[in-house]
Amino acid sequence: MNMIKQHLTKSLVAAAFVFSTASMVSMTADARDLPQIKDDVFKVANSGAYPPFSYVDTDGNVVGFDVDIAKAVAERMGVDVDIQTSPWSGIVAALAGGRFDACICSMSVTEERQRAVDFTDSYYSAGLSVWVQGDNTDINSLADLEGKRVGSTIGETGNQWAVENGEGKWRNQTFQGLPDLLTGLTTGRVDAIIADDVPVYVVLKENNPDIKLVEVGELPRWPAAISIQKNKPELLAALNTALAEIKADGTYQSIVDKWIGEGATIE
């Protein structure tokens, strides 16, 4: 638990190595701005495979930190919300193509994504971390990953970083979500994983898998924000206002307390 508290302030994060900007822009269709959404329903997407931010519970419902954020901002905006799931590897392309109105999905703000979609103000920060099995004494630095099997979640910034930095050094293996990624590590399919830190800390707190953090120095961190189609100014303004309101009235912190940990600071 001390490790969790120590690293929560460096926080989370979530997001994706997406299709090229050209392919995403070519798929862009007209999406609704706020007036059209108010006449219908606010369609929000996440991966549904990124606990505790979004996942499908035993009753088949999509739940998590980002789901509650989506419901809270929709309430402040005065709109009904429909939470959908979409494969992470194509979620930006699907948003740009008009399948939904927003991604409230712990998406890290990167230059590549900013060429395809617009982002609200940040609602927390995302950071990468390296993890190994608890009895592993061979990996104590990034240099020790040379020749090893390194896992990451396809479409996330951790995967992008692993591919860009591991070429000719380690062997990258990809997984579909955090549960599969952690299983790959604990069963020995990979020697190490690169993942956003806070979701792993939450898993450690709740399930206590036999894994440990490797202190490798500073890894990339990004702000996480809500993404929408480009040129939807009324929706963008309304979302920023709603985010500010839920932070000011304590709703945001209550969601953090529920899903991340009592009194945690993740902004």
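I sorted the lining of the largest cavity by class and got three nonpolar, one polar and two charged residues. The model I am reading is predicted.

**Entry 1: the cavity**

I looked up which residues form that lining. Tyr50, Thr153, Glu156, Leu178, Ala195 and Asp196 line the largest cavity. I then asked how much space lies in the largest cavity. The answer is about 40 Å³. I searched the whole structure for cavities of 30 Å³ or more, and one turned up.

**Entry 2: Tyr50**

Tyr50 sits in strand β2. I also checked Tyr50 against Gly177. In sequence the two are 127 residues apart. In space their C-alpha atoms are 6.3 Å apart.

**Entry 3: the sheet**

I found an open sheet of three strands, in the order β2-β3-β4, with antiparallel pairing. Which are the edge strands? They are β2 (49-50) and β4 (62-63), and each pairs on one side only. I looked at β3 (residues 54-56) next. Two bridges join β3 to β4, and these strands run antiparallel. Val56 stands opposite Val62 in β4.

**Entry 4: helix α4**

Helix α4 covers residues 65-77, which is 13 residues. I took the span from its first C-alpha to its last and got 18 Å. That is close to the 18 Å expected at 1.5 Å a residue. How many residues of α4 are buried? Ten of the 13 are, so α4 is largely enclosed by the rest of the structure. Among the buried ones I noted Phe65, Val67, Ile69, Val73 and Met77. Asp66 and Asp68 are buried too. Gly78 follows α4, and its phi is positive, near 75°.

**Entry 5: helix α11**

I moved on to helix α11 (residues 251-259). Its buried residues are Thr251, Tyr252, Ile255, Val256 and Trp259. Where do they fall, seen down the axis of α11? They fall within an arc of 145°, so they line one face of the helix. Gly261 follows α11, and its phi is positive, near 155°.

Terms used:
Residues are numbered from 1 along each chain as its sequence is written. This is a predicted model: local features need pLDDT of at least 70, side-chain atom pairs count only at pLDDT 80 or more; totals for chains, interfaces and linings use all residues. Side-chain values use heavy atoms; hydrogens and water are left out. Two strands pair if DSSP finds at least two bridges between them. Helices (H or I, at least four residues) and strands (E, at least two) are DSSP runs, numbered from the N terminus. The expected span of a helix is 1.5 Å times one less than its number of residues. Buried means under 20% relative accessible area, exposed over 50%, partly exposed in between (1.4 Å probe, protein chains only). On a 1 Å grid over the protein atoms alone, a cavity is a set of points where a 1.4 Å probe fits but cannot get out, and a pocket is an open set with protein on both sides within 12 Å along at least five of seven lines; lining residues have an atom within 4 Å of a point. Grid points are joined across faces, edges and corners, and a volume is the space filled by probe spheres set on the points. Ala, Val, Leu, Ile, Met, Phe, Trp, Tyr, Cys and Pro count as nonpolar, Asp, Glu, Lys and Arg as charged, and the others, Gly among them, as polar. The arc is that of the directions from the helix axis to the C-beta atoms.
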